[in-house]
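Visitor: Could you walk me through this one? I'd like to take it piece by piece.

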Amino acid sequence: MSKLRIFFTVLKNLIKRELDYVSITPTHALLFMTYRCTSRCEMCTIWRRGKQVDAQKELSFEDWKKCIDKIGLENLEVVELFGGDSLLRKDVTIPLIEYIMKNNENIIVDLPINCNLLDKKTAIALVKAGVGRLYVSLDGPNAIHDEIRGSHGTFNRVENGLKYLVDAKKDRGKKTPEIIINCTISSSNVDNFEQIIPFAEKLGVDTLEFEYVGELKEENIKKTNVAGIRPTPFYITLGSSNLLKREQAHLLKKKINDIRKSTKNLKMKIITRPIDALTIDNLTDGTVPNKKCYLCRYTVSVDPYGNMMGCFHFNNYLSGNIKNDSFSSIWNNDKHHIFLKFQKKGEIKICKNCISGVHRNPTFFQSLYRTVFFSLKGKGFDE
């Protein structure tokens, strides 16, 4: 595809996104299968929440079918099945993927996994079910990855899981799912994260994406109050910060630039945009250059019990329960629109640290500028 054609494709998608922003049209669904997790990641506390929940109260397969029918599969472009470790509920997750694809084969189903529960049988089942993109977390060589993810043997399970997935695709002549290694860069792995590149290439992975750890800061959590409710996010750091110091940030920028140059001829796609879009100051102080949130306007976020959340980072602000009520009565109710108004006015202070928005929340003009800048310069900001 020519650069001019790419530009006009980007432009068309951006115009559609602006229209969806104004009309508050849901095009994505983020469904939490469970808060329980088999990892103990240092940058996330969702596993602590998962230890306190009653698994019997999580939605059943039939419940989830009714929920997504209410949202309307014909209107959705992407459905992401999230966790915790969503494969703790593989008896629900896999048939739900099959159900989604049976009713709308144009939907892309995303599934992030840590591979702790990905055996050969499960890999084959996921490929058969029609999952569109599989995101596998891998943060560095063996010992580093295990330490960050808080579970001994995780690296080996990732290696085996990736082999199972690649083989399952090959054996069935499938182009999907796209197998994506997601490498989260922090102070714990900035010195050696690039060592996973030859590892991923050798295994036959489709894509390797580098992103930044991010950190929702305590002072902004305390400053955020919507209708008397303060957020209780799980993407926070326990103890010392995972953000980069200034010299580490400069090192990261240099490494990313070198990676971009040295991997041009790889068959495997390398994505550095989430790092490219951040400046040295962003990396060191944990701020993100977001001006407004598209996510909370086009994404339907549902917790493991059917509650619709204003935002998955603000997971205790609940607009209603889709198991019991119609989707439109929740999406259009006062509570949901109060949340959107607070966000639009800049009163949800945790948005300043929302790393999820780096990829998804640049404004129309920010997106155009980045597209042109990165294409012309061949490098990211502050490189």
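Guide: A word on terms before we start: buried means under 20% relative accessible area, exposed over 50%, and partly exposed in between, with a 1.4 Å probe and protein chains only. This is a predicted model, in which local features need pLDDT of at least 70 and side-chain atom pairs count only at pLDDT 80 or more, while totals for chains, interfaces and linings use all residues. Residues are numbered from 1 along each chain as its sequence is written, and side-chain values use heavy atoms, with hydrogens and water left out.

Visitor: Is lysine 341 buried or exposed, then?

Guide: Lysine 341 has a relative accessible area of 57%, so it counts as exposed. Lysine 341 belongs to helix H15, residues 334-344, where helices (H or I, at least four residues) and strands (E, at least two) are DSSP runs numbered from the N terminus.

Visitor: And which class does isoleucine 6 fall in?

Guide: Isoleucine 6 is partly exposed, because its relative accessibility is 38%; it sits in helix H1, which covers residues 3-23.

Visitor: Switching to the sheet, in what order do the strands come?

Guide: The open sheet has 10 strands, in the order S7-S6-S5-S4-S3-S2-S1-S8-S9-S10, with mixed pairing; two strands pair if DSSP finds at least two bridges between them. Strand S7 (269-271) and strand S10 (314-321) are the edge strands, each pairing on one side only.

Visitor: Which way do S2 and S3 run against each other?

Guide: Strand S2 (residues 78-82) pairs with strand S3 (residues 108-113) in the parallel sense, over 3 bridges, and glutamate 80 has aspartate 110 in S3 as its bridge partner.

Visitor: What about the neighbours of S8?

Guide: On one hand, strand S1 (residues 28-32) and S8 are parallel and share 4 bridges, with leucine 31 opposite valine 302 in S8. On the other, S8 and S9 run antiparallel and are joined by 2 bridges, where valine 302 has methionine 308 in S9 as its bridge partner. The hairpin of S8 and S9 has 4 residues between the strands, and glycine 306 takes a positive phi near 95° there.

Visitor: Which residues of S8 are buried?

Guide: Thr299 and Ser301 are buried on one side and Val300 and Val302 on the other, which leaves both faces of S8 covered.

Visitor: How many cavities are there?

Guide: There is 1 cavity of 30 Å³ or more, a cavity being a set of points, on a 1 Å grid over the protein atoms alone, where a 1.4 Å probe fits but cannot get out, and lining residues having an atom within 4 Å of a point. The largest cavity is lined by Cys296, Thr299, Val300, Ser301, Met308, Met309, Gly310, Trp331 and His336. Strand S8 (299-302) and strand S9 (307-311) are the elements that give two or more residues to that lining.

Visitor: Last topic, which residues of helix H5 are buried?

Guide: In H5, residues 120-129, the buried ones are Thr122, Ala123, Leu126, Val127 and Ala129. Seen down the axis of H5, these buried residues fall within an arc of 165°, so they line one face of the helix; the arc is that of the directions from the helix axis to the C-beta atoms. The exposed residues Lys120, Lys121 and Lys128 are carried on the face of H5 turned away from its buried side.

Key. 1 Å grid on protein atoms, 1.4 Å probe; cavity = no way out; pocket = protein on both sides within 12 Å on 5 of 7 lines; lining within 4 Å. Points joined across faces, edges and corners; volume = space filled by probe spheres on them.
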